[in-house]
Amino acid sequence: MAKHYGRGIAAVNYPTGMNLGGDPTQALIFCQPTGGFSVKLASTDLGQGLKTVIAQIAAEALGVPFDSVIVDTGDTDSAPHCMGTFASRATHRVGNAVIMAANEARKALLDVAAEEMEAAPEDLVLENGEIYVKGAPERKTNVFNVALAAHFKHGKTISGRGIYLKQKSGLDPETGACDPDSTEAHATTVAEVEVDDETGEVKVLRLASAYEVGRQINPEMVKGQIVSGAVMGMSHALMETVFPYYPALDHHTYSFGEYIIPTALDIPEIESVVLEYPSSNGPYGVKGVGEMTANSPIPAIVNAIYDAVGVWVTDLPVTPEKVLRALEERSLETH
Amino acid sequence: MESITVTFKLNGKTTAVAIEPLESLRTVLREHLHLHATKAGCGQGGCGSCTVLVNDEPVLSCLMLAALADGQEVTTLEGIGTPPHMHPLQTAFFDRFAAQCGYCSPGMIMAAKALLDKNPHPTRAEIAEALAGNLCRCTGYVAILDAIEDVVTQMQEA
Amino acid sequence: MGVKQLGIVGQSVKRRDGIGHVTGQTQYVDDVFYTGMLWLKMVRSPISRGIIHGIDASKAEAFPGVVAVVTAKDVPNNWYTILCLIGVEPNDEPVLAHEEVMYMGEPICAIVAETEAIAAEAAALVKLDIEELPPVLDMEFAISPDAPVIKKWGNNTFMYDGYNHRKLRFGDFEKAIQQADHVIEGDYSLSPIEHAPIETHCCVVKPEPDGRLTVHSNTQALYFTMDNTAIILQVPSQRLHMIGGTVGGGFGGKVDVITEPITCIAAMKTGRPVKWRWTREEEMRKSSTRAGVKMHYTDGVMNDGRIIARKVRSLEDAGAYHRHSPYGVQKHMANLPGPYTIPNVWVDAYCVYTNRQPSSAMRGFGVTEATFAVECQMERIARTIGMDSWEIRLINAYRNGQMRPVRKVVEDATLIETIQAAAELIGYELPAHLKAMSSDDYGGKGGHHG
């Protein structure tokens, strides 16, 4: 009777956006009289941080300070259509729509600025809210002045419309041929476990992962997804089921007393590195990261259990009972 | 049933409220007094999102009859800090990205406060133990533990 | 790596909603209260399958504090087929059951009362006369000829273009498997799981003086929810004003449009604001789960580790109704071969109906399950033929410019780079020939990064 150490790996891909596409999102941006920019979205933040990363993308694309961008989400009376937050699509779709809207608003802003400055719009540089003529930085103004002039002197709107749609792909019913995704993110996770052959318990010691996510808009939030997924994946691998005797309905769970998810006491050592290979169609090269982080830990843990004790338990969740039964079956085979 | 009046000290202020005798403290806080920081996650004592302090002890307010709070001291998240004067735990949770969806955060912070009030220098394992009754489905807990450790370090340096 | 540095993009700025979260000032749907607000509780089927002969809500209606009872006849278009907007048909799920029940917990009628406690007490007084039928719970049984047919179209699977499964066919599996040095098989299965966000489903609807409805929702998809609700209510979408965007955890569990239509109907019927919030038990036992899935892999592998043929049969347990499962199975199908270059692939993916609470989207929908099976199968192959776990993946990993079984050319591939980075992270020294590999080492085309 002993505890056995094992290590397992898993390498995965994950598609960005709804399968087959056809899932648009729109954004509107308008400039307030004193140079604030409001981004109107009907998108939802589930906790992943959409409100923040969209403000970053809008500020970057507009060329204005982060704090001058307001992101208004979640009201169908004030914002155009968004398909929703799922399928690792939000940062990719919403981000692209926001960049398109920002480009239009930025162009309108620079047209007014050009008139004010008696310069050609293509000669103007807009950075962090400051506007100057290329090669002549002393000829300058700022978004505040231009916005005021646009409103009260020129009678011009500074606003932008954006949409992103990946055209819906067909699917050949005979072969399955289709274009399922916009891009693919990738990850490899290494799991280290300890399996107790007396109790069947599996303890995950460490989850170390390399994620490739195109481009990180906010690295701490990417890390937030990675840690989140590591724990949810571990939980999926070892703990969770609403039907412990699936497909039977017996012992159907009804509370967190029977439906076990990890607590702060259950978390392994979690490490990660993030690679950036910008995608061709994501905003600044983004790929979706929200869902995939919960995927790679699962097979990595199951493979580590095999490495530790030499049995395949491939019916999730890998409960102590299943581990013990598999060990018993193997010992019967070998004797 | 006849309604009854309970009187307790809530976030430092004496508060009297008429309640149904079987109402939970959580219901009274959220639905009579409209202090919404205390969250309702399960009503079964399983998630910890309704954690408040009663006489400085962490209590699952969904399982405690409000009538039993009579004469006691109750502290909710609203009572420990509001912007711009946040409690160091609130600041640390913000700085460390320890709140994602935010639904477990009030209960987590109250559980952490109860720990630090008693034991200002806990180890990481002691922090995890103190939070074991508070579930978070978003963060994977690492950022939460990091945030609380930051506060412990600040208190040691202070 | 040569990624262009940007300004604010790439910086870990703090969350815009962070201070609201840590001070408890963020407003979630359950934090919305209106004067005169009513509460809703659902009467649900106590059995898994049966014929409804009678619903007697008279005692509940007479219960002091009850304001209204909502049954199927109050629902203008009593079909709940949320993917009808992307062409999934036929309608198969009533908003409120009235002829038959298909799973334990299926909604039958709603009690609307002055308090949540009264609504719950009155709900227990509704008398249901349901003739119980044997439930179909096992997917293999469901698709066998012996199973009772539980779906009206005549079998227990979703029909894809006339087939009872989705097909993926690439190369010639049957020929290739004959030529393989090893045939390696594996079974993989997952039990249904719950999203378990800490915030349960909640909806508050307020009728406005102009006849519109303000709908506070924690849906993950506001317009999708608005349009589906409007179809059920048979009103123009413009009568609905959806407010949301702040969700206490979703994980795919809040895209089912499951609270809004009934809460709207209750508000329209009573002319008062109504709140419906789900209990944790309802989340566990009535809300959609991740599907149970069973997969069987048959791989043809050469002595040098190349996988030349892969066949997968997968059954996905949709539970009683479509919800998002017909979509999820298609996504699953596309991902079952995995991120590897395999010239001969055969996949059959079935969306199977059983008398279980419906399954639907969850984080990684269709892909999580495929990835689990693929990566365990890769390890099984490595162990069977005596090859290193890293090498088996690196030699088979898809490269930019190669053709995937769905007949899309690989682009943006970095599987190899993440494998190499993970090895480095844990201090594992890969042999030189594996270190030299790259996602761009196939024919020098397709890649945009080198």
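**Note on the chain C sheet and the interface of chains B and C**

1. In chain C, strand β2 (residues 50-56) and β4(C) run antiparallel and are joined by 2 bridges. Within this pairing, Gly50(C) stands opposite Val101(C) of β4(C). The model discussed here is a predicted one.

2. Strand β2 belongs to an open sheet of 3 strands in chain C, with the order β4-β2-β6 and antiparallel pairing. The edges are formed by β4 (100-101) and β6 (127-132) of chain C, each of which pairs on one side only. In general, strands of a sheet pair through backbone hydrogen bonds, in either a parallel or an antiparallel manner.

3. Turning to the interface, 34 residues of chain B are in contact with 31 residues of chain C. The two chains bury about 2,700 Å² between them, and 63% of this lies on carbon and sulfur atoms. On the chain B side, the most area is lost to chain C by Phe94(B), Tyr103(B) and Arg137(B), which together account for 26% of what that side buries.

4. In chain B, α1 (25-32), α2 (88-95) and α3 (105-118) each supply at least two residues of the side that touches chain C. The largest share, 4 residues, comes from α2(B). By class, this side of chain B comprises 17 nonpolar, 11 polar and 6 charged residues.

Note on methods: Residues are numbered from 1 along each chain as its sequence is written. Chains are lettered from A and ligands numbered from 1 in the order in which they are written. This is a predicted model: local features need pLDDT of at least 70, side-chain atom pairs count only at pLDDT 80 or more; totals for chains, interfaces and linings use all residues. Side-chain values use heavy atoms; hydrogens and water are left out. Contact means heavy atoms within 4.5 Å. Buried area is the accessible area (1.4 Å probe) that two parts lose on being put together, summed over both. Ala, Val, Leu, Ile, Met, Phe, Trp, Tyr, Cys and Pro count as nonpolar, Asp, Glu, Lys and Arg as charged, and the others, Gly among them, as polar. Two strands pair if DSSP finds at least two bridges between them.
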